[in-house]
Amino acid sequence: MKILRISALLALVSFFSAPAIAGTLEDVQARGFVKCGVTTGLLGFAAPDDSGNWKGFDVDVCRAVAAAVFGDSSKVEFTTTTGKTRFPTLASGEIDVLARNTTWTFSRDVDLGFEFIGINYYDGQGFLIPASLGVASATDLDGASVCIQTGTTTELNLADFFRANSISYESIPVETNDEARENLFAGRCDVYTTDASGLAATAAQADNPADWILLPEIISKEPLGPLVRHGDHVWGDIVRWSLNTMIIAEEKGLTSNNLDTKLAMNNDPEIFRLTGKEGEYGAMFGLSNDFGYNIIKQVGNYGEVFERNVGLKTPLKLARGLNAPWTDGGLLYSPPFR
Amino acid sequence: MFKIDFSDQKLRAILIQTLVVGVLAYAIFWLVQSTSYNLEKRDYKLGFGFLNDPAGFDISFSPFYSFVATDSHIKVYLVGLANTLLISFVGCIAATFLGFSIGIIRLSSNWLLSRLAYVYVEITRNIPLILQLLFWYALLINLPRLKNSIAFGEAFFLNNRGLNSPQPIFGDDFIYVTIAIILAITVSIVFSRRAKKIQEKTGKQYPLFLINTASILLFPAIVYFIAGSPLEFELPVLIGFNFVGGMKIPPEFMAMFLGLSVYTASFISEIVRAGILSVNKGQIEASRSLGLKQNRIMKLIIIPQAMRVIIPPLTSQFLNLTKNSSLGIAIGYADLVHGFGGITLNITGHAIEVMAIVMSTYLIISLTIAFFMNIYNKSIQMDGR
Ligand SMILES: N[C@@H](CCC(=O)N[C@@H](CS)C(=O)NCC(=O)O)C(=O)O
């Protein structure tokens with residue numbers, strides 16, 4: 001009896017010792033939902049609403065991927081990550097994709113072994129301070145206490161900026177945006193520095209947002225984008241073209257509302273390819289051919305996603321700026337769908 | 001034919017143990033193998049070269065080293081280690097004092113005091129430490145702001161960015177004062193030993209405490225004045241965004257200090273109470289009938305015996321406190337886990353190496369504490385028991 005039990009145990013152990021080599025897509029399909037890493041909460045980008053549903057600009061990238069894979073944008077499980085935990089969480093396979101305003105850098109791409117699938121928000125690092133401090137420029141911040149999220153590019157830029165300008169500061173390290181906001185509002189730090197989009201989200205949560213101003217300096221390039229693990233190209237392609245689909249849809253004037261009428265009236269072949277009316281594009285990476293239709297129908301085009309979550313009518317009041325389509329003077333430019 | 005007799009207890013034991021060892025060995029083998037397989041698959045290059053790379057970020061709380069962003073990750077490690085040791089050390093000392101006091105008060109015959117001690121213990125040991133840390137931090141963060149600091153004269157300023165205090169600046173001649181202090185302490189120790197011997201022989205008692213304190217305070221004081229007062233204080237002054245000059249204890253450190261010591265003290269107080277209660281009542285009655293006063297009974301009869309019961313569990317409280325200091329991450333205290341175990345790991349991606357280093361460090365710290373506490377424990381055990 002005992003021998004039997006032990007050999008059963010051994011069999012179990014050797015079963016686990018043959019590591020599964022299935023691709024991410026197969027894993028996701030077998031599981032029935034996409035595992036997506038987001039922030040611990042950043043208004044407009046990723047935050048649960050009153051009924052506990054995740055909403056936001058980054059969240060919608062995850063939803064687009066779910067719409068592409070399952071034809072159902074709700075098939076996502078969200079995992080919160082901090083600036084520090086996001087990379088180990090992705091590397092270990094706990095999540096399939098990380099959509100958490102993460103800056104595309106050389107070392108993250110090459111050394112950490114990730115694949116950025118594109119840029120969904122062109123950003124830069126700014127400084128948020130109380131208007132009452134009367135500071136006009138970041139170079140006047142000598143001796144200030146600065147709240148900074150650890151494990152970020154912005155932490156490194158901060159050190160560089162103060163060193164380059166030969167001024168000193170006291171760094172107040174925090175793990176999450178919520179902590180930074182509390183410390184800033186309490187006066188533990190004079191200034192909070194992070195991506196300008198994050199600063200807009202932070203200021204929007206102040207009792208009186210007008211009491212807070214952004215200094216004129218933008219000290220870095222922060223191209224934010226979703227990323228996956230190195231090595232699984234099919235999965236990388238799926239996430240990349242989920243984002244590209246939203247960008248092309250805006251360029252072509254397709255929205256979640258007008259999609260069906262546009263399809264009926266239009267004869268632009270790229271729209272037919274994008275929505276699966278023509279060609280076998282989805283099948284090329286193992287999805288149904290109408291994956292693009294599902295993304296646009298269920299999540300919307302890039303512009304819709306932007307305006308709904310962070311645009312001028314939201315508390316964040318962010319203008320499109322660099323994040324307008326190239327046809328409108330912005331940087332959004334997807335390779336063609338063919 | 002050879003037949004295994006399963007009813008033979010010895011044989012059975014050997015068989016089972018062989019099996020257990022075999023399974024364990026296989027499990028370890030499998031763990032190592034599948035880890036290295038997965039590392040290879042993920043293109044993970046094990047190695048420690050990254051330690052020499054420049055950190056790139058700043059650490060502001062570094063009382064022992066000056067740290068700049070161009071320093072290496074090794075320096076990040078050292079700064080974090082120093083901060084971990086610092087908070088553990090002061091935390092253990094404060095927790096011990098507080099714990100002993102509460103434990104003794106808990107046993108006091110004063111109903112109100114003993115109830116208060118009871119309430120303290122029940123509250124602090126039943127609320128998770130992390131919540132207590134957050135509580136202390138929230139409290140400190142809501143102190144008056146910089147401009148409205150609570151001032152104690154021109155010297156101390158308390159605000160939600162910490163406590164600013166004067167910084168002593170030692171002149172060159174202060175070395176004489178230092179020598180005087182060392183000398184006075186040595187003399188006091190020698191004197192105490194002598195006095196003890198005399199007391200054992202003749203029963204004659206000296207007011208040791210008084211004499212020693214007087215010599216340790218007075219002698220260096222005289223030298224200090226002869227050397228021309230070689231000590232000055234630099235006062236903190238509010239200039240621009242922050243106080244400049246003086247010393248500063250940030251709220252992150254204060255919250256850690258309060259949280260760790262208040263929490264651990266409640267456990268220590270229970271240990272102390274148990275230790276004192278373990279001393280036979282008859283001994284107290286006997287000493288009372290010998291005419292000893294209450295505080296002497298405590299000092300000469302109860303505490304020495306209670307210590308034998310107290311030290312081993314006290315050691316584990318010190319170990320707990322040290323390990324709990326890694327919760328500092330929740331309030332931004334720059335300890336080992338925060339900087340090296342967090343930011344360095346994040347930037348370099350060498351999670352396995354970093355965590356291995358951090359874990360071995362905690363192991364070594366714990367073993368060192370346990371080692372010294374064991375030596376102390378041995379020294380107070382009664383001979384011949
Ligand atoms: N883009 C930078 C900074 C990213 C970052 O930490 N952003 C903050 C504020 S914009 C955030 O998302 N915080 C949300 C959270 O705390 O979970 C990076 O990739 O390192």
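This is a predicted model: local features need pLDDT of at least 70, side-chain atom pairs count only at pLDDT 80 or more; totals for chains, interfaces and linings use all residues.

Me: How many residues of chain B are in contact with chain A?
Reply: Contact is taken as heavy atoms within 4.5 Å. On the side of chain A, 48 residues take part. The residues of chain B that meet them number 38.

Me: Which residues of chain B lose the most area to chain A?
Reply: The two chains bury about 3400 Å² between them, with 55% of it on carbon and sulfur atoms. Three residues of chain B together make up 21% of what that side buries. They are Arg161(B), Phe241(B) and Asn346(B).

Me: Which helix gives the most to the side of chain B that touches chain A?
Reply: Across this interface, 16 residue pairs are in polar contact. Helices H1 (9-41), H4 (129-141), H7 (251-277) and H10 (339-348) of chain B each supply at least two residues to the side that touches chain A. That side divides into 7 charged, 12 polar and 19 nonpolar residues. With 8 residues, the helix that gives the most is H1(B).

Me: How many salt bridges are there between chain B and chain A?
Reply: Over all chains the count comes to 22 salt bridges. One that joins the two chains pairs Arg188(A) with Glu252(B), at 3.0 Å from N to O. Between chain B and chain A the count is 3.

Me: Lys248(B) forms a salt bridge with which residue?
Reply: Lys248(B) lies in strand E8 (residues 247-249) of chain B, and its partner in strand E10 (residues 169-174) of chain A. The closest N and O atoms are 3.3 Å apart. Lys248(B) forms this salt bridge with Glu170(A).

Me: Is Glu170(A) buried or exposed?
Reply: Buried means under 20% relative accessible area. Lys248(B), at 30%, is partly exposed. Glu170(A) has a relative accessible area of 16%, so Glu170(A) is buried.

Me: How many residues apart are Arg308(A) and Asp60(A)?
Reply: The side chains of Arg308(A) and Asp60(A) meet in a salt bridge of 2.8 Å, N to O. The pair links distant parts of the chain, with Arg308(A) in helix H14 (residues 302-309) and Asp60(A) in helix H3 (residues 57-70) of chain A. Arg308(A) is partly exposed at 43% relative accessible area, whereas Asp60(A) counts as buried at 6%. The two are apart by 248 residues.

Me: Why can residues three places apart in an α-helix point the same way?
Reply: Glu270(B) and Arg273(B) meet in a salt bridge (3.2 Å, N to O). Both lie in helix H7 of chain B, 3 residues apart, about one turn of the helix. Residues three or four places apart point the same way because an α-helix has, per turn, 3.6 residues.

Me: Which residues do salt bridges with shared partners join into one network with Glu270(B) and Arg273(B)?
Reply: Glu270(B) counts as buried at 17% relative accessibility, and Arg273(B) is partly exposed at 23%. Salt bridges that share partners tie both into one network.

Me: What covers the buried residues of H11(B)?
Reply: Helix H11 (residues 351-380) of chain B has 30 residues and reaches 44 Å from its first C-alpha to its last, close to the 44 Å expected. Its buried residues include Val354(B), Ile357(B), Tyr362(B) and Met373(B). What covers them includes, in chain B, helix H2 (73-106), helix H9 (294-324) and H10.

Methods: Residues are numbered from 1 along each chain as its sequence is written. Chains are lettered from A and ligands numbered from 1 in the order in which they are written. Side-chain values use heavy atoms; hydrogens and water are left out. Buried area is the accessible area (1.4 Å probe) that two parts lose on being put together, summed over both. A salt bridge is a side-chain nitrogen of Lys or Arg within 4 Å of a carboxyl oxygen of Asp or Glu. A polar contact is a pair of N or O atoms within 3.5 Å; within protein, one must be able to donate a hydrogen and the other to accept it, and residues adjacent in sequence count only if both atoms are side-chain atoms. Helices (H or I, at least four residues) and strands (E, at least two) are DSSP runs, numbered from the N terminus. Ala, Val, Leu, Ile, Met, Phe, Trp, Tyr, Cys and Pro count as nonpolar, Asp, Glu, Lys and Arg as charged, and the others, Gly among them, as polar. The expected span of a helix is 1.5 Å times one less than its number of residues. Buried means under 20% relative accessible area, exposed over 50%, partly exposed in between (1.4 Å probe, protein chains only).
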